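Dear colleague,

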Amino acid sequence: MSQALIEKQFPPSTADKIQLYTLPTPNGVKASIALEEMGLDYDTYRINIMEGDQFTEAFKAINPNSKIPAMIDPDGYGGCRVTMMESGAILLYLAEKTGQFIPSDPVEKNECIQWLFFQIGSIGPMFGQFGHFYRFAKETCKDPYPTERYKNETRRLLAVLEERLKDRDFIMGTDYTIADMAIFPWVRVLSGFYEAGEFLNVAEFEKTIAWAARCESRPATARGLTVGSAD
Ligand SMILES: N[C@@H](CCC(=O)N[C@@H](CS)C(=O)NCC(=O)O)C(=O)O
């Protein structure tokens, strides 16, 4: 039933391709970066969250939580169709499917997953709340408390990254992994879309800025950053 609903609204161009439902936001680009870096074939459906596409019944059949990104792999576990929400789960799924961008050593793999969860549990929610109060709720919320609170937490998290990156090119050392793909889009949005680089004094976190630029300079990653844009 729900598969029919999804296919009616988002007819797949090729039945056996991965279907990605997204928009180029810090959460959305994680999935497209991974798909590009891993060389997987996929179709993209732009979900315009400003116009409420995420609340349609067809989209909720893919992600009941009405958030992008979401993904369908017709060739999932045991060759069966798998439907996915949550960017961290999508990254982990794709890394395990392809055996790429995740360490094979179990100790290092676990450490990589810890940093992935650090993004999902801390960086995403805190930076996101900071952006909301600093950029979008400026007029409706005059109380400085929330902006101050999330500014402090954002800077504290940037300091955690700075420490991790002081002697590493990437989060896991020399290799680019799904942990980098998850975290750097949230760092670039601070000076980019949120226009808060000066307010947060992001320049102070030199290693982190250099690492984000290193991630972004990868051709496949740069392609992933634009997937789902309005052409
Ligand atoms: N924990 C989720 C968060 C996803 C998320 O918050 N996506 C935002 C865009 S960055 C969204 O879809 N917002 C639409 C809404 O809140 O209505 C994930 O990592 O996938």
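How far from an oxygen atom of the ligand does a polar side-chain atom of lysine 67 lie? The distance is 2.6 Å, which falls under polar contacts, meaning pairs of N or O atoms within 3.5 Å. Serine 87 likewise places a polar side-chain atom 2.6 Å from a ligand oxygen, while for isoleucine 68 a polar backbone atom is 2.8 Å from an oxygen of the ligand. On its own the ligand has 520 Å² of accessible area, of which the protein covers 76% (Shrake-Rupley method, 1.4 Å probe).

Please keep in mind that this is a predicted model, in which local features need pLDDT of at least 70 and side-chain atom pairs count only at pLDDT 80 or more, whereas totals for chains, interfaces and linings use all residues. Residues are numbered from 1 along each chain as its sequence is written, and side-chain values use heavy atoms, with hydrogens and water left out.

The residues around the ligand, taken as those with a heavy atom within 4 Å of it, include Thr25, Asn27, Phe55 and Glu86.

As for the cysteines, the whole structure contains zero disulfides, that is, pairs of cysteine sulfur atoms within 2.5 Å. Cysteine 80, at 48% relative accessibility, is partly exposed, as is cysteine 141 at 25%, the term covering values between buried (under 20%) and exposed (over 50%), with a 1.4 Å probe and protein chains only.

Best regards

Terms used. A polar contact is a pair of N or O atoms within 3.5 Å; within protein, one must be able to donate a hydrogen and the other to accept it, and residues adjacent in sequence count only if both atoms are side-chain atoms.
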